[in-house]
Amino acid sequence: MSPADTTPALEVRDLALRFGRVTAFEHVNFDVEQGELFAVIGPNGAGKTSLFNVLSRVYAASAGTVRYFGQDLLRLRAWALAGAGIARTFQNLGLFAPLSVLENVLIGRHHLMSAGPVRAGVWLGPGRTEERAHRAAAREALEFLGIAQYADALVRELPFGIRKQVELARALAMEPRLVLLDEPVAGMSGDERAEVTALVRRLHGERGLTMLLVEHDMGMVMEVAQRVLVLDFGEVVAVGTPAEVQRDERVIRAYLGEEIDPAAEAEAAAEAARR
C-alpha cells in the first residue's frame, strides 16, 4: 500500500443482523478512515454490541458488506483477524488470568512468530533469537502504556483497571492496522476511567492507530473520538463529529432521553445557518 493510499480502513454498507424475526440492526452505513478514531455509541439495546460482534466475526451478517482496506472482511474467520492486522479488546476482559502480564502480551504476538513449537521449545538457534525479539516487543508495549512494572505479575492478582491496560498493551503488541475497542471503560471507577481514556488518546495520537470504539460512556467518547455514529433500536440515528452529534435532535431524544429546548434548538439552527 502506497503512502498516498486513501482507501478507508473500513467501509460498511447496508449491514444487517437478524436472529429469526428479531432484527438487531439494519441499514447501517459508515466509513472509518485510516488513522481515525471512530466511535459507535447508543443506549442499551441499541445494537452496538451486535454490530461490533459482526465486525469482529463473532456473528455472521444477515445482509450487507464490510470492506477492510478494500478486502471483504466478512470472508474472514474470527481466528484470522490477528493475521489480517485486527486487534480486539473485550468489555469483560479476554486475558488468561493464571498467566503473567508478559505472557498475556506475548500471546498477542503469536501470529507474528515464525519459529515452530519445536525450535521455540528447545530454545535453540532461530527459536531463541525470535523469542528474545518478541519478548522485547511485548515489554516495549508495556513500557509505552506505563505498566512494565507488572510484567512478571499474574493477571489474576491485578486490579481491574490494570487488567484493562494489559489488554491495551496486548493489542498494541499485535502490531495492528485496526484496533477494535469494546467498551474500554465499562465498570471502572472515575480515576480508572480517566487513566484508560488518556491511554486510548495516547495510543491513537502517538501511534496513529486506526481505532473503532464501541462505548456506552458518552462522556469518554466525546473526549477521544473524531467522529461518532449513534445507534438506536438497531438504526443509525446520526453520524458526525462529537459536537455535531451532541446537538442532534434525534440523539438528544433517543440517547440522552431529554426533551428538546425550543430556544436551544432555534439557536443551533441559527448557528448552522451562519456557517
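First, the ground rules. This is a predicted model, in which local features need pLDDT of at least 70, side-chain atom pairs count only at pLDDT 80 or more, and totals for chains, interfaces and linings use all residues. Residues are numbered from 1 along each chain as its sequence is written, and side-chain values use heavy atoms, with hydrogens and water left out.

Now the sheet. Helices (H or I, at least four residues) and strands (E, at least two) are DSSP runs, numbered from the N terminus. Two strands count as paired if DSSP finds at least two bridges between them. Four strands make up an open sheet, in the order S2-S1-S4-S5, with antiparallel pairing. Strand S2 (22–32) and S5 are at the edges with a single partner strand each, so one side of each has no neighbour in the sheet.

Let me go pair by pair. S1 and S2 run antiparallel and are joined by seven bridges. Arg-18 stands opposite Thr-23 in S2. The hairpin of these two strands has two residues between them, and Gly-20 there takes a positive phi near 65°.

On to S4. Strand S1 (residues 10–19) is joined to strand S4 (residues 63–68) by five bridges, again antiparallel. Ala-16 faces Ala-63 in S4, and Glu-11 has Arg-67 as its bridge partner. Arg-67 also stands opposite Asp-72 in S5.

S4 and strand S5 (residues 71–72) are antiparallel and joined by two bridges. Tyr-68 stands opposite Gln-71 in S5. These strands form a hairpin with two residues between them, and Phe-69 in the turn has a positive phi of about 50°.

What lies across the sheet strands S1, S2 and S4? Helix H1 (residues 48–55) does, running at about 65° to S2. For that angle, axes are lines fitted to C-alpha atoms, for helices over the stretch in contact (heavy atoms within 4.5 Å). Angles run from 0 to 180 degrees between N-to-C directions.

Asp-232 stands opposite Glu-235 in S10. In their hairpin, with two residues between the strands, Phe-233 takes a positive phi near 50°.

Last, the spaces. On a 1 Å grid over the protein atoms alone, a cavity is a set of points where a 1.4 Å probe fits but cannot get out; a pocket is an open set with protein on both sides within 12 Å along at least five of seven lines; lining residues have an atom within 4 Å of a point. Grid points are joined across faces, edges and corners, and a volume is the space filled by probe spheres set on the points.

The largest pocket holds about 480 Å³. It is lined by 20 residues, and those closest to its centre are Ala-78, Ala-82, Arg-88, Phe-90 and Met-174. Strand S6 (86–88) and H5 are the elements giving two or more residues to that lining.
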